[in-house]
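Here's a quick briefing for anyone meeting this structure for the first time. Have a look at the model, then read on.

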Amino acid sequence: MLQQRVITWLDERLDLSDVKHFIAEKGVPVHTQKVWYYLGGMTLFLLGIQVATGILLLLYYRPSAEEAYESVQFIVSEVEFGWLIRNMHSWSANLLIAAAIAHMFSVVFLRAYRKPRELTWLSGIGLLFLMFGFGFSGYLLPWNELAFFATKVGTGIAGAVPVVGKFMLRFLRGGDDVTGATLSRFYALHVAVFPMLMTAFLGLHLLLVQRQGMSVPINVEKQLREGARLRQIPFVPNYVLRDVLLWYVALAILAALAALSPWELGRKADPFAPVPAGIRPEWYFLAMFYTLKLIPSHVLIIEGEQLGVIVFGLAAVILILLPFLDRRSSRAEPNPFVTWAGVAALIYLVVFTIVGYLTA
Amino acid sequence: MPSPRTVDMASTDGRLERRKFLDMLLATGFVSTILAFVYPVWRYLIPPATGEPTIASVVAAKASELKPNSGVIFKFGGKPGILVRTPEGELRAFSAICTHLDCTVQYKGDTSQLWCACHNGIYDLGGNNVAGPPPRPLEKFVVNLRGEPGNEDVVVSRA
Amino acid sequence: MLQGGLLKPVADFADDVHRQRGFSCVDCHGGDPAATERAKAKDPARGYRGMPKGAEVIAICARCHSDAEFMHRYAPRQRVDQASEYASSVHGKRLAAGDTGVATCVSCHRNHGIRLVSDAKSPVFPTNVATTCGSCHSSPDHMKRYMGANGTPLATNQRAEYEQSVHFAAMTKRNDLSAPTCNDCHGNHGAAPPGVGNVANVCGTCHAIFQAKFEQSTHKDVFDRGCVECHNNHAVLQTSDEMLGTGPKAICSSCHADKSEYGYMAAEKMRALIETLKGTLERDGALIADVRNAGLQVSAQELALGEARNRLTLARAEIHATNPALVEPIVGEGIKILAGVHRAGDQGLAELRFRRQGLFASLGAILLVVVALALKIKQMDRGTTH
């Protein structure tokens, strides 16, 4: 067989015994919670779609205030299948972030971040924040009215950060206001800075997952220590085929969304136009956006928006440091507090996103 | 694809047949889906006939085609513009959309004015509304010449 | 120290344009400001005039305002014919006949506190004119002594009617100060109602194209009150296509009620033409909007839609000639343009159908893979349970 001959040819030159051994040995644990293992692979697949369609969009996109909108319009209307590529990119971005958030919550509820996987957690949170960065910067790139004003509001929130806010606002916008300079910056972030960081974080994340194998829930681990045998299925090919099957399903959903529900381009951004009604950020920022809107303008001596930004900053720090704060899980003891906090966070996010969507 | 571990020891001829059929089905599926992905991408890579997106500016006419004291309508995005050569020979361009009720204005040679036939709106050659119902002047565009002397294109762009 | 009755005139005079130019009380009221005794200061022999009334007001203002040489020193572009115009007005004629109830200069411009016409606080600034005229003309009490040609008192509802008009809306909502108010049709100093037969000329100063079309109409010799017959005089309402034809809101059928009569058929025909173009425009506009939302390039079609919309506007102007034969070719051009738009829209829809078919083909292939994979996994798992 040709396949066998190619492998033999490579083996004679590179010595593939390590790889062969790894593949033969790698297994995926089988237990009641195993369904959550698919979320990581799904996130990775959607990220791949983003990279592929993103590179394709680069062929025709032009990052300037004068041409950005027109070039996107050109892509969706003049370039053959341009509508498909652009719609896939927009839809996949949203599904990707949804998958990543779900992946994170599953890790929290299964305590998969506990010792020895703190580094995997840290790189994962880095990836999640990078994806928010991708989403925020990419939203502006078509230079349409909605994105323009949403970016104005979004960067304005950065301006509320204590002490460094003013600097951050100017730094993000490339000036005092959202202009073509902002577009250039966001473009550079979206296609150069973030992808570079993404590659590093993703490499680390995947390397750690392979090195340490899949985490199992605390109760399963306990049974193992008591002498139970860990049921596993081989990663190749049994598990890989399952992954591929789900990817195909995702692809079908994406294709249907892209073809049947095209992402609207709207009107070109006009900095002098009045703010149109219904300005709201992408759904994954809605909960935060709506919370900031609810906080009164002054709480005691501190400005309301500033207070909100400080609270969200603290929440982010707690999230990052979760494996180090949750000492009980690291000792393989149950910690219901994390579960309750996770459920509360999930309810808060869902409710505020929905209410924010309905009221904006 | 089959590895030693997946060989079914109890396979009969019927099972082998079914497995072969399944593998063939899978291969057909893979190949056709891959074609379905590659085909759009391949078509996407082919440069479209219209060249490039240039909505911010447009070639309105050849400079030599436009005689003094005349005007010509050109397409600017989805909207009409009017390129004018004044009796003195100067080139000017405006949006051809009358500011009253969005009719298309035209050049009126006998008075050297821009005229809207719908309600007799009149603009001077600076685009200013001078008579009739138009409430505002016409939007003004920037005119540049590009190309070899004697055969220049008139390039009109938004101010 | 000033007291009582003199406080107000002096306070008002502080903002008066005449004071800013260096004039004072004596320039109108006469008398001797240098005199210390009341009797000497207000001595008619020394030119004291007291409070002028009626024709005296005109005379005092006209002393300067009808003197071209004098006015040239202060306002070189200002006209100096106000007094003679006033004499030709209904106000002026009645004043000459001894009626002191009519408006004089001060009724509209105020007595003390006179401001430039361009001053927004002036009672004769465009946005204030209707209120100023209405202070007499909207008062039934004031107007009851004035009879119209038919012997009944003059109407007092002009201001209320005007405030329903498109002209009032343009002035107050769009801040278009060039929109007409009372004096733009009636004149200001020479105020008089436009005579029968002149209405089209008055309206035509702005609505020239409609006047030109109306001149071609057979109604030109029939409509005593010209434009007003259909559009009213003071309450010039927002027009609509419903005014044309023979429907419930149609004006044509108020005279042309007989179905077998030419006018009835002509009105119906013109309305049908307009509606056909409008309907086609709406249908094809929606088609192109659908195609654009799906991401197809439609700028050429949008241009053509604009051209067709032009034809609708032209046709709406053309109906004022009240001749269907003139409207028909314009509507025909519009329909022809829209036929091209419709073809392009259909092509766009065909492209969208192609996209859907492509999608379903790929979904079919994906489904095949998913099913085959599921079977394969099942088969594989049977052989491997660790």
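**Strands in chain B**

β6(B) and strand β7 (residues 121–123) of chain B pair up antiparallel over 3 bridges. Strands here are DSSP runs of E, at least two residues long, and helices are runs of H or I of at least four, both numbered from the N terminus; two strands pair if DSSP finds at least two bridges between them. This is a predicted model, where local features need pLDDT of at least 70, side-chain atom pairs count only at pLDDT 80 or more, and totals for chains, interfaces and linings use all residues. Residues are numbered from 1 along each chain as its sequence is written, chains are lettered from A in the order in which they are written, and side-chain values use heavy atoms, leaving out hydrogens and water.

*More on the hairpins*
- B:Cys116 has B:Gly121 of β7(B) as its bridge partner.
- The β6(B)–β7(B) hairpin has 4 residues between the strands, and B:Asn120 takes a positive phi near 65 degrees there.
- Strand β5 (residues 106–108) of chain B runs antiparallel to strand β6 (residues 113–116) of chain B, joined by 3 bridges.
- B:Gln106 sits opposite B:Trp115 in β6(B).

*Domains of chain C*
- Chain C has domain 1 (8–119 + 188–254) and domain 2 (262–383), with bounds from an automatic or database domain assignment.
- The centres of domain 1 and domain 2 of chain C, taken over C-alpha atoms, are 55 Å apart.
- Between domain 1 and domain 2 of chain C there are 3 salt bridges (a side-chain nitrogen of Lys or Arg within 4 Å of a carboxyl oxygen of Asp or Glu).
- C:Glu318 forms a salt bridge with C:Lys213, with the closest N and O atoms 3.0 Å apart.
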